[in-house]
Amino acid sequence: MVIKIAGTGRAVPSTRVSNKELAEQIDTSDEWIRSHTGIGARHIAPETISVSDLAVEAARGALKLAVERAEVGETDPEKLAETLDFIVLGTTTQDYYGCPPTCCLVQHQLGAKKAAAMDLAAACSSFIYSIETAAALLLADPRRKRALVIGAETLSRITNWNDRGTCVLFGDGAGAVFLEKQDGKQEEPGEAVSSGRRGLLRTILGADGSGWENLIIRRGGSRNPWKPGETVDIPPHVEMNGHAVYNFAVKVITETIEQFMEEESLTIHDIARIIPHQANARIIQAAGKRLKIPEEKFYLNMEEYANTSSASIPIALDELNRSGQLRRGDLIITVGFGGGLTYGGNLIRW
Ligand code: ACO
């Protein structure tokens, strides 16, 4: 059995805030943000839109594309939703704190009546973790056939807009992939690439919990709850040790790509595209330099969307897919890192 990506979708709020507009609110500049991060703008969800809304829009896009491209033998995206076995939503910014899982709201909106639904929280690595989780669940039971994997965030809601060290980095958005299990031989480790099969070939996942404090929302959880009568000056927000995260990111991106290359006997010429988590162009440039991989191999879109955490890789995948930049048979690597600290990558044959 093999796990094929049969559709992709994305949702990006229409409100676009350029660096220049941001620089009218806080002490920063377009030049500083671009030169330190590669970011030029971010899209921000209006108050009426939450993560589940963005997730549903991206999911509908993925279902519709799977139908339009005749990938799944269904002619109606709504009917296709009814056949889903489960949905996994990677997010750090759930609609409601802890309960209900945001994915249940998505399941309801999609009319995916028979689908199980779960949220997965691995910070910015959530999409990479979620796609592997979905693939493993599909392979675990012969009766399961179809799944949706979504990465969605409203990071603008957990951003301290007075902290120029973090607020310039983040944006809102969602991306989704529709997965279908199809007949095919599952091979031994190290043989996934030579077999030529399409779909998700393998995944690397990891975490280094010793870095838990380097990206953190300190207040509101069971460690540090709000107390009755307490005045809330600023809502819960992300605090970051930028240097520590930067160093971790360059290290794990380099190591993850190297591990794929070594264990699957690949050279960089075998890889059509690397789709990294879109946090900072300098992180990608540093990793590329270490690996001697030309910058053009990496697909970067943080110039337009900034860092959308769990959503950044599926948004990029959908852009590449819809613009015809991925050809059947292309080998692609996704690679990312995030709070926790977590990291990982997926090796996919398109
Ligand atoms: N505008 C202008 N100046 C700024 C800004 C800003 N937005 N932010 C910081 N500065 C200033 C600092 O105050 C400092 O000034 P000083 O020298 O007078 O003290 C100077 O710029 C340099 O600050 P650094 O923090 O050293 O800047 P650096 O070059 O390290 O870049 C950055 C900071 C971009 C945050 C970098 O550390 C980074 O990208 N780290 C990784 C962050 C990341 O990827 N986070 C997300 C991962 S997980 C997730 O996706 C949610």
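Strand E11 (residues 273-276) and strand E12 (residues 331-338) run parallel and are joined by 4 bridges; two strands pair if DSSP finds at least two bridges between them. Helices (H or I, at least four residues) and strands (E, at least two) are DSSP runs, numbered from the N terminus. The structure is a predicted model, in which local features need pLDDT of at least 70 and side-chain atom pairs count only at pLDDT 80 or more, while totals for chains, interfaces and linings use all residues. Residues are numbered from 1 along each chain as its sequence is written, and side-chain values use heavy atoms, with hydrogens and water left out.

Buried means under 20% relative accessible area, exposed means over 50%, and partly exposed lies in between (1.4 Å probe, protein chains only).

Salt bridges were searched for next. A salt bridge is a side-chain nitrogen of Lys or Arg within 4 Å of a carboxyl oxygen of Asp or Glu, and the search of the whole structure finds 20 of them. One joins the side chains of Arg164 and Asp27, with an N to O distance of 3.4 Å. This pair links distant parts of the chain, 137 residues apart: Arg164 is in helix H7 (residues 164-167), and Asp27 is in the loop between helix H1 (19-23) and helix H2 (30-37). Arg164 is partly exposed at 49% relative accessible area, whereas Asp27 is exposed at 61%.

Another salt bridge is formed by Glu263 and Arg202, whose closest N and O atoms are 2.7 Å apart. Here too distant parts of the chain are linked, as Glu263 belongs to helix H8 (residues 242-263) and Arg202 to strand E8 (residues 199-207), 61 residues apart. Glu263 is partly exposed, with a relative accessible area of 39%.

Helix H8 also contains both Glu255 and Lys251, which are 4 residues apart, about one turn of the helix. Their side chains meet in a salt bridge of 3.5 Å, N to O. Glu255 has a relative accessibility of 36% and is partly exposed; Lys251, at 42%, is also partly exposed. Elsewhere, salt bridges that share partners join Glu74, Lys145, Arg146 and Glu180 into one network.

The structure holds 1 cavity of 30 Å³ or more. A cavity is a set of points, on a 1 Å grid over the protein atoms alone, where a 1.4 Å probe fits but cannot get out, and its lining residues have an atom within 4 Å of a point. The largest cavity contains about 40 Å³ of space, the volume being the space filled by probe spheres set on the points, which are joined across faces, edges and corners. Its lining consists of Lys4, Ile5, Arg198, Gly199, Ile348, Arg349 and Trp350. Strand E1 (2-11) and strand E13 (342-349) each supply at least two residues of this lining.

A disulfide is a pair of cysteine sulfur atoms within 2.5 Å, and the count comes to 0. Cys99 is in no disulfide, the nearest cysteine sulfur being that of Cys104, 8.4 Å away. Cys99 is exposed, at 61% relative accessibility. The sulfur of Cys167 is too far for a bond, because the closest cysteine sulfur, in Cys124, is 16 Å away. Cys167 is buried, with a relative accessible area of 0%.

How values were computed. 1 Å grid on protein atoms, 1.4 Å probe; cavity = no way out; pocket = protein on both sides within 12 Å on 5 of 7 lines; lining within 4 Å.
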